[in-house]
Amino acid sequence: MVEEFTSRLETFPNYKVFETELAGRPFVVETGKMCCLSNGSCLVRYGETAVLCNVTMSEKPREGIDFFPLSVDFEEKLYSVGRIPGSFMRREGRPGEKAILTSRVVDRPIRPLFPKTMRNDVSVVMTVMSVDQDCSPEIAGMIGTSIALSISDIPWSGPIAGVFMGLVDGELVVNPTEAQRRVSDLSLTVAATEQKIVMIEAGANEVDETTMLQAIKDAHAEIKKMISFINGIVDEIGKPKKQFEIVDLDFDLLMKVRDKYLDDFKAAMDTDDKNVRDARLAPIQDRLIEEFGDEVDYATIDLLMYKMQKYVVRRWLLDDGKRVDGRGINEVRPLAAEVGLLPRAHGSGMFTRGQTQVLTVATLSNGRDAQIMDDISTEDEKRYIHHYNFPPYSVGEARAPRSPGRREIGHGALAERALIPVLPSEAEFPYTIRLVSEVLSSNGSTSQASICGSTLALMDAGVPIKAPVAGISCGLITEGDRWMTMLDIQGVEDFHGDMDFKVGGTHKGITAIQMDIKIDGLTYDIIEEAFEKCRKARLYILDEIILKAIPAPREQLSAYAPKMVSFMIDTEKIRDVIGKGGKVIQDICAKCNCKIDVEEDGRVSITAVSREDLNRAVGIVKMIVEDPEVGAIYKGRVTRLMNFGAFVEIAPGKEGLVHISKLDTKRVERVEDVVAVGDELLVKVTEIDQQGRINLSRKDALADMAKRQAERSPAGE
């Protein structure tokens, strides 16, 4: 007997749609239809941008760890912009640089709002499904993540929201369109709770601190509207938060260690040398293992060491205004700058701040080496690339180097962003520029040392940057309503403090910001004070360190750097330069030992190591696209011999006749007596007739050369 087929008519009984506006564009949140097995899920539609946001949490905490295991992934699907991936497999693979940077931008504001004692794995996945370039998928993903976490049963003290800020024609704009972003002097991302700022990331064309602070305040005003919208969603469909297993130190054990070992920790921490500090702390750890090893595991001992160091650093700063290395609160560590360390590199600069040291190396190439982009943005390629390497030896660790992680990519992007506003345009300097920052020693603020090292390397390479850029960081310690900032934090202050506020800029203004915090947010007063401290320190570094090492970009490129020139030709002449099957352009490259790129708009870029080869190639190309100049002398090649003279090719496809009477300064009986096919001759253009035929003279060229030689020789010789 066949059972009767049945179906529920109401497939999505929990489906809800919530609508508002963000920067004047529709913002729609859909829940209850997709991804019903996630702890929290929503589909965010911002204009025609669509991002699916999912958050999940493990049932049990991960054992044997002393950190909160959060992962954040921004998944770029190229179908969202109607493209097929360019890889061999034709599918998305590892995340691109932009996706990694977006993941970090979302991670930073949400991480501090999770319980510090939770050890359950939490995963955030933002899947970009449709992209309207006027409506940022990054902002949609950030807000969608906040909504998914807020309505889920995962413990989290949000919500947060975020916006972009632009500066167009002197006016601050919330979430600028794609056209506005292209001309904006500011690219600022701000995330905040209702009360405080939790994340700042910016690139800017030398924007002053006052304007930057106002942009942050305007962003916060828009964010508060979105948070009110999110709270309305939570009130309607939010789940009760789960209870979780608290993983923390036994308070009595911590007090016992503090009472007995506090003075030992203070003595160990009181030094400006990281190696000395580590050496002093090692025997204390051994004593803790000996005394408490039977009661607790090694992970607990490590946590005790961390808690005690944190207690000492914070008490010194808050109660005594004392720093572990004895510096003043607003004192910068000893600084040094050098250039030209690597003779065969195109440019190099090393910047040292205390025990932090970064060597940045510049390499110049032609447009062919620009980085091809394969992501959801509208950018096709990058002509300025910055890579940052953080090898294990820089922190004294004995392990093999690994491929760059998210931290390396983020730090490289920050330094890249800081230098972009001062780079010359492609028309002024038609090179692809790659910088590599090698961290030689790390004790805090390596990303800012990379900015300084990059300025040095660019100037050493002869890149005509508009202004030097320097970077500095500011830290923070808070306790209740008390707070204090300190300049140029080293590693231990970053590790145990509450903020790493990094600012890069020129004399004129800010070019980059990145703010990392471990607390629930910053007030405007804290941000304003950090801006001012970083501004003063930045000017000192520029004037007293960088510009004293190299006052201006070198006037000449390195002898080992490629020489390059770029110019426009008539698009109708492109086929003449390339030739049938590429024969003409290949022949020029072989003869002149150069590389030639011809764009569809008629831009020709020629690169050669030798200036002489470059000039020869330029001359040949211009001969092809321009008519020969009467009276000019050219070096040509004999192609044919006739009884009445020789035909000489002075440029690919351009041939002229040297009459037998013009072959030499003396009488010539037979053409073969003077030249043979394949010989190279100096010839002078004497006439171009109405039919375009070119008449050449070797006789006149030799006479002109002899006359010039005589004019250069001393009188009487």
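1. The crossing of H1 and H2 is right-handed, a crossing being left-handed if the near helix is turned anticlockwise from the far one by less than a right angle, and right-handed if clockwise. Helix H1 covers residues 97–110 and helix H2 residues 137–151, and the two pack at an angle of about 40 degrees with their axes 10 Å apart. H1 and H2 are therefore oblique to each other, where angles under 35 degrees count as roughly parallel, over 145 as roughly antiparallel, 65 to 115 as roughly perpendicular and the rest as oblique. Axes are lines fitted to C-alpha atoms, for helices over the stretch in contact, and angles run from 0 to 180 degrees between N-to-C directions. Helices (H or I, at least four residues) and strands (E, at least two) are DSSP runs, numbered from the N terminus.

2. This is a predicted model, in which local features need pLDDT of at least 70 and side-chain atom pairs count only at pLDDT 80 or more, while totals for chains, interfaces and linings use all residues. Residues are numbered from 1 along each chain as its sequence is written, and side-chain values use heavy atoms, with hydrogens and water left out.

3. Helix H4 (residues 209–237) packs with helix H11 (residues 524–549) at an angle of about 155 degrees, their axes being 10 Å apart. H4 and H11 are therefore roughly antiparallel to each other, and their crossing is right-handed.

4. Two backbone details deserve a look. Gly-158 and Pro-159 are joined by a cis peptide bond with omega of about 10 degrees, and Pro-159 lies in the loop between H2 and strand E7 (161–168). Asp-169, a residue other than glycine, has a positive phi near 55 degrees, and its place is in the loop between E7 and strand E8 (171–174).

5. A search of the whole structure finds 1 cavity of 30 Å³ or more, a cavity being a set of points, on a 1 Å grid over the protein atoms alone, where a 1.4 Å probe fits but cannot get out, with lining residues having an atom within 4 Å of a point. About 50 Å³ of space lies in the largest cavity, and among the residues lining it are Glu-30, Lys-33, Cys-42 and Leu-52. The largest share of this lining, 3 residues, comes from E3.

6. The record should be read with care. UniProt, in an unreviewed entry, places the feature "domain: S1 motif" at residues 631–699, and such annotations may be inferred rather than shown by experiment. Over residues 631–699 the chain is 3% helix and 52% strand, with the end C-alpha atoms 13 Å apart.

Definitions and conventions
On a 1 Å grid over the protein atoms alone, a cavity is a set of points where a 1.4 Å probe fits but cannot get out, and a pocket is an open set with protein on both sides within 12 Å along at least five of seven lines; lining residues have an atom within 4 Å of a point. Grid points are joined across faces, edges and corners, and a volume is the space filled by probe spheres set on the points.
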